[in-house]
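The sequence and structure are shown first.

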Amino acid sequence: MPAIRDGNISGVSIVAPDIRGDTRGIFVETYRREWIHNSREMIQSNRADRQKGCVVGLHYHLHQADYWYVPSGRARVVLYDLRVGSPTYGVADYVERGVIDGQNKHECVYIPPGVAHGFAAIEDMTITYMVDGYYNHHDENGVAWNDPAIGADWGVENPVLSERDRNNPYVADIPAPLVPHYWLR
């Protein structure tokens, strides 16, 4: 059974899976639904490779949860609780994933709906992520990566961003129908 702990934001879970290895290499079971209390079934899996200096996000969904794993390279994950009514509303958190000090602990992070999430590639990296809903462009929302209200420290200089991420609104400018609520699922 892996070690599972709560993150600094309500509903975020950090999973440190068991790692088994021998002279052939390692085996890591990275996800089981039963590990995340009250989670829904993850139904889609994705992979992205990013070069050092890339920043992705901040993104959020009103209805979808994410489960992230960085099998190679190193990422700084940035989280921000946008959910009105959440006990951790307005809290920012940062967790490093992947190879840190020459070792990959293979920790994963579960991100509930309404928590803004993004990452910076501290080194060239690969991220795999599962979601509990099929891609729906109506549930693809964003907030400015450089919003002073969030004050995110991405850990990279001169970040490389997509057009979308360069144009996301500040938290204060999110249209009312797109503001997440703690109870929304």
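## Burial

A residue counts as buried when its relative accessible area is under 20%. The model is predicted. In it, Tyr-67 has a relative accessible area of 2% and is therefore buried. Tyr-31, at 17% relative accessibility, also falls under the cut-off and so counts as buried.

In soluble globular proteins, nonpolar side chains tend to be buried together. Here the largest nonpolar core has 19 residues, and the members that touch the most others are Val-12, Trp-68, Leu-79, Val-109, Phe-119, Met-125 and Ile-127. Two or more residues each come from strands S7 (66–72), S8 (74–81), S11 (108–111), S12 (115–121) and S13 (125–131). Another core, of 17 residues, lies apart from this one and includes Tyr-60, Leu-82, Trp-154 and Leu-161.

Leaving out residues up to four places away in sequence, Val-109 is in contact with Val-12, Ser-13, Ile-14, Asp-66, Tyr-67, Trp-68 and Leu-79.

## Aromatic pairs

The count of aromatic pairs is 2. In one, the ring centres of Tyr-31 and Tyr-67 are 4.7 Å apart with the planes at 65°, so the pair is edge-to-face. Tyr-31 sits in the loop between strand S4 (25–28) and strand S5 (44–50), and Tyr-67 in strand S7, so the pair ties together parts 36 residues apart in sequence.

Trp-68 and Phe-119 also form an edge-to-face pair, because their planes stand at 90°, with ring centres 5.7 Å apart. This pair links strand S7, which holds Trp-68, to strand S12, which holds Phe-119, across 51 residues. Trp-68 is buried at a relative accessible area of 6%, and Phe-119 is buried at 5%.

Key
Residues are numbered from 1 along each chain as its sequence is written. This is a predicted model: local features need pLDDT of at least 70, side-chain atom pairs count only at pLDDT 80 or more; totals for chains, interfaces and linings use all residues. Side-chain values use heavy atoms; hydrogens and water are left out. A nonpolar core is a set of buried Ala, Val, Leu, Ile, Met, Phe, Trp, Tyr and Cys residues joined through side-chain atoms within 4.5 Å. Buried means under 20% relative accessible area, exposed over 50%, partly exposed in between (1.4 Å probe, protein chains only). Helices (H or I, at least four residues) and strands (E, at least two) are DSSP runs, numbered from the N terminus. Contact means heavy atoms within 4.5 Å. Rings of Phe, Tyr and Trp (its six-membered ring) pair if their centres lie within 6.5 Å; planes under 30 degrees apart count as stacked, over 60 as edge-to-face and the rest as tilted.
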